[in-house]
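Here is a short report for a first look at this structure. Keep the sequence and the 3D view side by side while reading.

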Amino acid sequence: SLHDERFNNWKNRLLQGQPVYGLTRLLPAKVQSFFQNEDVLSFFTVPIFVAQQPWGLMGFDDCRQERIWSDMEIDALQAAANVLAATIERELTLEALHRSEENLLQSQKMDALGRLAGGVAHDFNNLLTSIMGYSHLIQNDLEPGSPIRKDVNEIIRAAEGASELTHQL
């Protein structure tokens with residue numbers, strides 16, 4: 001209900017970190033009706049800030065009798081709001097830390113996988129280089145019309161294709 005224009009003054013106070021409290025009967029008529037509909041005779045609200053941003057409100061009201069909130073009650077509720085804010089901030093920080101740890105672990109896994117793939121590709125490419133080298137030697141030793149020349153050309157073409165695949169890794 002703080003979005004209601006009747007509470008703009010309170011909203012500004014709460015956003016500045018100040019508590020809002022009082023007796024319903026002393027409020028302006030337009031605000032008083034809001035509380036009277038809920039049978040609230042007195043109220044007390046403090047803001048809760050998390051990471052220096054407004055997060056919510058903590059408050060009490062009394063529907064049985066009017067009461068003037070003592071300084072000790074005001075300080076106690078403000079302390080409770082501060083403890084709640086610190087707890088929320090701690091939980092948000094722990095969640096962010098947990099997400100960061102998960103991201104780091106995922107990044108480390110991807111890095112290890114990349115190194116493994118690179119190592120396998122390098123070793124495989126070395127084997128392909130030998131296959132292509134020996135295939136070219138065989139090809140050079142064959143007569144131009146030899147029926148084996150076609151098979152050796154297929155070996156060379158397959159090795160070159162596999163080499164292209166390893167370069168993509």
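Gly-17 sits in the loop between helix H1 (8–15) and strand S1 (20–23). The model is a predicted one. Is Gly-17 buried, exposed or partly exposed? Its relative accessibility is 30%, so Gly-17 counts as partly exposed, because that class covers values between the 20% limit for buried and the 50% limit for exposed.

Which residues does Gly-17 touch, apart from neighbours within four places in sequence? Gly-17 is in contact with Pro-47, Phe-49 and Gln-78. Asn-140 is another matter: C-alpha to C-alpha, Gly-17 and Asn-140 are 88 Å apart in space. Along the sequence, 123 residues separate Gly-17 and Asn-140.

**The sheet**

The loop of Gly-17 leads on to S1. Three strands form an open sheet in the order S1-S2-S3, and their pairing is antiparallel. S1 and strand S3 (53–62) are the edge strands. Each has a single partner strand, so one side of S1 and one side of S3 have no neighbour in the sheet. From one strand to the next, the twist averages 10 degrees.

Strands of a sheet pair through backbone hydrogen bonds, in either a parallel or an antiparallel way. How many bridges join S1 and strand S2 (residues 42–50)? Four bridges do, in the antiparallel sense. In this part of the sheet, Val-20 stands opposite Thr-45 in S2.

**Helices across the sheet**

Two helices can be set against the strands. H1 lies across S1, S2 and S3. H3 also lies across S1, S2 and S3. The table gives their angles to S2.

Helix H3 spans residues 71–141, and Met-110 lies in it. Val-120 has its place in helix H3 too. Which residues make the nonpolar surface patch? Met-110, Leu-113, Leu-116 and Val-120 do, and the patch is about 400 Å².

How does Val-120 come to qualify? Its relative accessible area is 47%, so Val-120 is partly exposed. Patches are made of residues with over 30% relative accessible area. Val-120 can also be placed against Arg-99. The two are 21 residues apart along the chain. The C-alpha atoms of Val-120 and Arg-99 are separated by 31 Å.

Key. Residues numbered from 1 in each chain as written. Predicted model: local features only at pLDDT ≥ 70, side-chain atom pairs only at ≥ 80, totals over all residues. Heavy atoms only, no water. Patch = residues over 30% accessible without salt bridge, like charges linked within 9 Å, V, L, I, M, F, W, Y side chains within 5 Å. Areas by Shrake-Rupley, 256 points an atom, 1.4 Å probe, with all protein chains shown as cover. Salt bridge = Lys/Arg side-chain N within 4 Å of Asp/Glu carboxyl O. Buried < 20%, exposed > 50% of the residue type's maximum accessible area, 1.4 Å probe, protein only. Contact = heavy atoms within 4.5 Å. Pairing = 2+ DSSP bridges. Axes fitted to C-alpha atoms, helices over the stretch in contact; angles between N-to-C directions.
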